Amino acid sequence: MNLVSPNQPENSSTWPNGWWVSVVAETGSTNTDLLASAHGGAPHHSVLMAEFQSAGKGRLDRTWVAEPGSNLLVSLLFRFADTMQRPTHQFTQIVGMAAALASEQLVQVVPQMKWPNDLLIDDKKVSGILAQGAADFVVVGIGVNVGWAPPDAVSLNSASSHSQTKPIDLLRTMLGHIDVLEALDPAQLHARYVAQLMTLGQEVRVELAKQVVTGRASNVLMDGRLEVVDGMGQIHQIDTGDVVHLRAQ
């Protein structure tokens with residue numbers, strides 16, 4: 001049985017098995033709320049979707065605010081004891097790849113993944129991901145521009161010349177793809193992620209806390225670090241940083 005809020009127009013039977021989905025009209029942050037629920041014992045594969053977030057955050061505390069009901073604003077809980085053992089960062093990869101696969105399925109638009117897990121369409125951002133957690137779980141929050149985007153970004157519906165979708169349909173389709181991706185072992189998932197990553201082979205500028213690294217993105221390690229070879233041939237292993245694609249190769 002799935003948890004569905006009373007204002008949710010979908011019947012619980014329409015959700016993939018094993019997912020506990022709640023939908024609220026508004027909250028400050030789905031990640032903050034689901035983190036609190038996780039500490040309170042919420043089960044594996046709990047999902048919290050909001051039609052509007054008043055205090056949503058992205059990486060480096062960037063805000064992510066959309067018009068009410070226009071975009072997918074959702075957080076997903078993964079408990080390590082209830083899923084395949086894997087590096088924590090792979091859960092963000094799973095969610096990002098699932099969003100790209102669902103977008104292709106619903107609107108025939110294929111977003112490309114920029115390291116570590118942003119989704120782009122024609123070099124404009126369509127989705128961002130933020131993961132937070134504890135020793136025994138991780139909450140992955142994702143925002144996808146479905147029907148609205150700020151001027152420097154893009155939405156799925158505006159990018160598609162074939163069909164349109166709704167945030168609730170994108171979520172349902174994503175959950176099915178997550179089930180498939182979660183069944184892959186860590187090595188298989190890593191190979192899928194690397195094959196989808198548009199960053200590799202490109203000249204990039206990586207903005208770190210105290211320096212900027214420029215070079216060619218050459219590899220992603222199993223632990224999620226990006227390897228960048230600079231002009232002197234030195235290999236930099238990047239754990240966290242803002243990547244700018246300088247030119248396609």
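So, burial: of the 249 residues in this protein chain, 51% count as buried, where buried means under 20% relative accessible area, exposed means over 50%, and partly exposed is in between, using a 1.4 Å probe and protein chains only. Before I go on, this is a predicted model, so local features need pLDDT of at least 70 and side-chain atom pairs count only at pLDDT 80 or more, while totals for chains, interfaces and linings use all residues. Residues are numbered from 1 along each chain as its sequence is written, and side-chain values use heavy atoms, with hydrogens and water left out.

The surface next. The chain exposes about 11400 Å², and carbon and sulfur atoms supply 52% of that; these areas are Shrake-Rupley values with a 1.4 Å probe, and for residues only the protein chains shown count as cover. On contacts, meaning heavy atoms within 4.5 Å: of those with a separation of 6 or more, 64% are between residues 24 or more positions apart.

Secondary structure: 5 helices and 12 strands. These are DSSP runs numbered from the N terminus, with helices being H or I of at least four residues and strands being E of at least two.

Let's go to the sheet. What is the strand order? Well, the sheet is open, has 7 strands with mixed pairing, and reads S1-S2-S3-S7-S6-S5-S4. When I say two strands pair, I mean DSSP finds at least two bridges between them. At the edges sit S1, residues 20-24, and S4, residues 112-114, each pairing on one side only. Neighbouring strands here are turned by 20° against each other on average, ignoring direction. For all the angles, axes are lines fitted to C-alpha atoms, for helices over the stretch in contact, and angles run from 0 to 180 degrees between N-to-C directions.

S4 runs antiparallel to S5, residues 118-121, with 3 bridges joining them, and Gln112 is opposite Leu120 in S5. Now, two helices pack on this sheet. H2, residues 89-107, touches S3, S4, S5, S6 and S7, and its direction makes about 30° with that of S7. H4, residues 167-182, touches S1, S2, S3 and S7, at about 25° to the direction of S3.

Staying with H2: 14 of its 19 residues are buried, so this helix is largely enclosed by the rest of the structure. The expected span, 1.5 Å times one less than the number of residues, comes to 27 Å for the 19 residues of H2, and the end C-alpha atoms are 27 Å apart, which agrees. Just after H2, Gln108 takes a positive phi of about 60°.

In the loop between S4 and S5 you'll find Pro116, and the peptide bond from Trp115 to Pro116 is cis, with omega near 0°.

Then H5, residues 186-196. Which residues of H5 are buried? They are Pro186, Leu189, His190 and Tyr193. Down the axis of H5, these fall within an arc of 100°, so they line one face of the helix; the arc is that of the directions from the helix axis to the C-beta atoms.

S9 takes us to the hairpins. S8, residues 203-207, and S9, residues 212-220, pair antiparallel over 5 bridges, and they form a hairpin with 4 residues between them.

His45 has phi near 70° and is in the loop between H1 and S2. Asp123 has phi near 65° and lies in the loop between S5 and S6. Buried or exposed: what about His45? His45 counts as buried, at 9% relative accessibility, whereas Asp123 is exposed, with a relative accessible area of 60%.
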